[in-house]
Amino acid sequence: MNAQNGTVESASGKLGADLLLDSLYNGGARICFANPGTTELGLVSALARDGRLRCVLSLFEGVCTGAADGYARVSGEVPLTLLHLGPGFANGIANLHNARRAGSRIVNLIGDHATWHLAYDAPLTSDINSLAKPVSREVIYLDKPEAIADGVRQAFAATNEAEGGAATLIFPTDVVDAPAPANAKPVELAAYSPAPVPDNVVQSAAAVLAEPGETIVLLGGNALNEDGIQAGASLAAALGGRLLMEPYPAIVTLGGDLPMVERQAYFPDDVIAQMGDARIVLAGARMPISYFGYEGWPSQLVPEDRLVRLAEPGEDAVTALRALVSRLGGGEAPACAPAVQASSPEPAAALTAASIVEELLVQLPQDAVISLEGSSMGGPWLKNAHRAPRHRVMTNTGGAIGQGLPCAVGAALAQPDARIVALQSDGSAQYTLQALWTMAREGLKITVIIAANHRYAILQTELNRAEVPLDDAVVANLTKLDHPKVDWVALAQGYGVEAVRATTNGELAAALGHGLTLDGPLLIQAELP
């Protein structure tokens with residue numbers, strides 16, 4: 001008998017929880033983003049006994065799931081989340097929706113009531129399977145200790161499907177508290193690699209592109225690393241075409257000596273104008289569609305007969321691009337045109353989104369990672385990112401806001417030697433501001449720039465396009481955040497994060513220079529009109 005938890009141990013002294021952690025570690029998991037409760041106490045005890053996994057506590061489950069997403073994007077490894085029953089998992093679903101769209105490989109661990117207690121419909125009893133299914137490649141219920149190792153194996157295999165995604169393991173308390181079976185087969189590392197593109201697909205694309213015509217190469221997914229951008233630029237050069245990337249990439253490498261990549265536009269009329277009559281080569285990207293349905297505009301923004309489907313998301317787009325370039329007789333990517341040199345804006349002038357971007361271009365360290373959420377600085381940064389040193393950018397893939405700050409946490413833990421910069425709008429930051437506490441607790445090198453315009457800017461833009469007057473009392477009440485204005489400096493300091501307010505370019509430059517040298521986080525409240 002174990003005096004601590006009252007459970008009967010196996011002859012080896014291991015419980016189901018120990019086998020679960022052994023299996024997850026053998027499969028490649030090294031970090032767990034956690035907000036556990038009573039039903040997870042057996043696993044918490046096992047985490048303490050084991051000691052191999054880094055455990056990161058968050059104050060809200062949406063921070064756990066968003067941080068796991070950022071960690072997966074930057075590292076390419078599989079993190080864990082540990083969440084409390086169905087309601088706790090529900091708090092994290094929004095950022096798992098984003099993670100699903102990003103193809104982030106995550107294993108969620110959710111404790112459930114003991115199997116013998118479920119029939120009594122206790123207050124926290126819920127249909128966890130129905131909650132988890134829409135954001136999981138597979139949901140696996142561990143109904144007995146003998147199912148643990150196979151369940152973990154199944155979960156890792158599910159994260160490897162197509163372009164990747166999350167799997168969810170539900171474990172009742174009595175299963176992980178029971179003795180571990182002695183004959184469980186060890187789990188092995190389940191490495192991920194994208195599926196090869198069939199040669200006949202490359203051959204078919206080459207035949208279409210051999211005909212004269214304007215061409216756009218649209219990159220997405222795994223084609224947005226250095227090799228993919230070089231290969232895409234080579235193909236665009238061979239065809240005399242243009243190089244674009246999907247509008248909301250999971251992670252993309254930009255800047256330095258890499259070719260400039262134009263971003264696909266947002267609104268349907270802008271996308272249609274941007275694409276013109278060109279053929280669109282889809283290399284890891286989904287076809288251009290309208291973000292929302294707008295009356296009078298098509299949902300599919302490029303007709304099917306102009307799409308050249310080279311590589312689907314989850315297929316090896318880089319190798320396919322190289323093979324296509326070779327078939328078309330192309331060579332290396334052309335040399336990049338010199339970028340316009342960045343220079344600090346007028347110090348005494350009031351801040352604008354453009355001036356924030358310009359100052360960041362001046363100060364951004366080599367190999368930084370930017371977590372970008374919000375329209376205020378998102379578009380301006382991606383338009384100018386080619387002028388910055390080599391860096392990577394994560395964007396909001398699924399549109400569920402509250403991703404930016406947690407993703408920054410995950411990125412900082414995945415790449416502790418890099419500087420992380422969160423370019424964050426003030427409206428969406430409110431959804432997961434608890435991430436600031438985790439930044440402070442873990443001492444993460446994150447510099448947060450809050451675009452504090454005290455309004456839902458993207459919603460106002462949409463209303464303007466619909467010719468809805470912004471000064472209408474109801475409209476203003478639903479889109480303005482200025483009564484009262486949020487004091488981000490006070491909020492950050494309350495969570496233990498150093499913070500400053502900047503209203504001029506000079507103040508921002510000084511704050512940014514300080515933040516980029518700290519061994520911990522700094523938040524800059526950048527006041528915008």
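Close-up 1. Arg54 is partly exposed, with a relative accessible area of 39%, on a scale where buried means under 20% relative accessible area, exposed over 50% and partly exposed in between (1.4 Å probe, protein chains only). The model is a predicted one, in which local features need pLDDT of at least 70 and side-chain atom pairs count only at pLDDT 80 or more, whereas totals for chains, interfaces and linings use all residues. Residues are numbered from 1 along each chain as its sequence is written, and side-chain values use heavy atoms, with hydrogens and water left out. The side chain of Arg54 meets that of Glu442 in a salt bridge at 2.8 Å, N to O, a salt bridge being a side-chain nitrogen of Lys or Arg within 4 Å of a carboxyl oxygen of Asp or Glu. This pair links distant parts of the chain, with Arg54 in strand 2 (residues 54-57) and Glu442 in helix 17 (residues 435-442), 388 residues apart; helices (H or I, at least four residues) and strands (E, at least two) are DSSP runs, numbered from the N terminus.

Close-up 2. The side chains of Arg390 and Glu226 meet in a salt bridge of 2.8 Å, N to O. Arg390 lies in the loop between helix 14 and strand 14 (391-394) and Glu226 in helix 10 (residues 226-239), so the pair ties together parts 164 residues apart in sequence. Arg390 counts as buried at 13% relative accessibility, while Glu226 is partly exposed at 37%. Arg390 also forms a salt bridge with Asp257, whose closest N and O atoms are 2.2 Å apart; Asp257 sits in the loop between strand 9 (252-254) and strand 10 (262-263), 133 residues from Arg390, and counts as exposed at 54% relative accessibility.

**Close-up 3. The largest pocket.** The volume of the largest pocket is about 1300 Å³, a pocket being an open set of points on a 1 Å grid over the protein atoms alone, where a 1.4 Å probe fits, with protein on both sides within 12 Å along at least five of seven lines, and lining residues having an atom within 4 Å of a point. Of the 48 residues lining this pocket, Arg101, Ala102, Gly103, Gly221 and Ala250 are the closest to its centre. Two or more lining residues come from each of helix 3 (61-75) and helix 5 (93-102), and helix 3 gives the most, with four residues.

Definitions and conventions: Points joined across faces, edges and corners; volume = space filled by probe spheres on them.
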